[in-house]
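Here are my notes for your first look at this model. Keep the viewer open and follow the points in order.

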Amino acid sequence: MLQNKKIILAITGGIAAYKCAHLVRLLVKQGASVKVVLSASAAQFVTPQTLSVLSKNEVIQDFFDANFNWNNHVHLAEWADLMLVAPLTANSLAKMASGTCDNILLAVYFSMRGKVFVAPAMDLEMYRHATVKENLNKLEALGHYVIPAESGELASGLSGEGRMAEPENIVHFIENNLKQGMPFAGKKVLITAGPTHEAIDPVRFIGNRSSGKMGMALAETLAAQGAEVCVVLGPSVLQSANKNIQIVRVESADEMYAAVMQRYAGQHLVICSAAVADYKPAQVATSKMKKKAETFELALTKNPDILAKLGETKENQFLVGFALETENLLENAGQKLKNKNLDLIVANAANEPGVGFGHDTNAVSVIDQHNNVFKFELKSKADIALELVNLVALKMKVKG
Ligand code: CTP
């Protein structure tokens, strides 16, 4: 959720400021760009040097910093997608709620157009105080998001509600907030991707040239739109840094079948983009086979058709298949859509340049159950993934 998000972390002067070093690390680890604005009293609790090293950006402390033009608060606020004030003291809260603007941090706040999150931190009685509650309500009424303080031991030695939410919980709160309103928020998606390897003996296999790139591009796009994605991935070097993408690595069609069936119930959307081997060796030799005769025959037996089984046992899942064809593209793909009881099928022409296995680009035709055809011309697999996901979102909504 935070990948490529531009975040202003505004730190006001409370002891919880020391936790902001960890908070910056977490945000940066999630792929966010972070710029820190530090109030004068916050600098008593955490050093600008630490925050600058961790955020990889200059820390802003004053209107009149040598590296910062006095009016840069406006540009900084324009740059940001969101602002997080953590910890938020009772004093800064009162100023935000009343319109007082007597430091750079508040000037940035009043210039913000994006979302604002605040994580209050104060002692027990302060946090309970009616004026503080009223000020927090005021911020909520302005459309800001209050990350509730947590209970526990306080710096004063007292115990109760008032500690700043733990950095992990702050990040989680923001991520959940950003997910809302996304087309796939709360949706579970299962994707098969990559080739399968069917063992002949301990060192050889039957395989194909699929890379898994199309399936992984779909996974990244869906996760960016709020989905919780599981990819059952055949042998492939691809990985993902997105923590909403779980990768289950398998080798053979049988393993892929088992991994998919185990996870099928409860999925909202299933996309089978894997190039599953149709056949496997009838017998797998336990030791390396030796070269003997001039010719060699290998008996093969059919693999389970994963997608056909999913179609047969479909409950409410929206089912998308792929079809790689060398001739009669639309006719053959349309037939597979019906035979496998799919909602959509994505047809690839195997013999067109830049299309299908291994390429970074693709061009596809998508067929729905009413035989409507949607054509997506040659473009990067990431762009094709976005068009496909938009179409799936539309169709899923229509289907309910
Ligand atoms: N598929 C599958 N399990 C298989 C074979 C295919 O899940 N054992 C899925 C693929 O992931 C794809 C769709 O079925 O989404 C169509 O695959 P494709 O290989 O094009 O078609 P097949 O049904 O195998 O038919 P053929 O090879 O004869 O064209």
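How many salt bridges does a search of the whole structure find? The search finds 14 salt bridges. A salt bridge here is a side-chain nitrogen of Lys or Arg within 4 Å of a carboxyl oxygen of Asp or Glu. Side chains of opposite charge can pair when their charged atoms come close.

1. **Ground rules.** This is a predicted model, where local features need pLDDT of at least 70, side-chain atom pairs count only at pLDDT 80 or more, and totals for chains, interfaces and linings use all residues. Residues are numbered from 1 along each chain as its sequence is written, and side-chain values use heavy atoms, with hydrogens and water left out.

2. **Asp-254 and Lys-280.** Start with this pair. Their side chains form a salt bridge, at 2.7 Å from N to O. The bridge links distant parts of the chain: Asp-254 lies in helix 10 (residues 253-263) and Lys-280 in strand 14 (residues 279-281), 26 residues apart. Helices (H or I, at least four residues) and strands (E, at least two) are DSSP runs, numbered from the N terminus. Asp-254 is partly exposed, at 35% relative accessible area. The terms work like this: buried is under 20% relative accessible area, exposed is over 50%, and partly exposed is in between (1.4 Å probe, protein chains only).

3. **Glu-325 and Lys-336.** Here the N to O distance of the salt bridge is 2.5 Å. Glu-325 sits in strand 16 (residues 318-325) and Lys-336 in helix 12 (residues 329-339), 11 residues apart. Is Glu-325 buried or exposed? Glu-325 is buried, with a relative accessible area of 10%. Lys-336 is partly exposed, at 27%.

4. **Lys-395 and Asp-368.** The closest N and O atoms of this salt bridge are 2.8 Å apart. Lys-395 belongs to helix 13 (residues 381-399), Asp-368 to strand 18 (residues 361-368), and 27 residues separate them. Lys-395 is partly exposed, at 21% relative accessible area. Asp-368 is buried, at 2%.

5. **A network.** Salt bridges can also be followed beyond a pair. Lys-19, Arg-163 and Glu-166 are linked in a network of them.

6. **Gly-354.** Now turn to a loop. Gly-354 is in the one between strand 17 (344-349) and strand 18. Its relative accessibility is 17%, so Gly-354 counts as buried. Which residues does Gly-354 touch, not counting those up to four places away in sequence? They are His-359, Thr-361, Asn-362 and Leu-378. Contact means heavy atoms within 4.5 Å. The C-alpha atoms of Gly-354 and Lys-379 are separated by 8.8 Å, with the two residues 25 apart along the chain.
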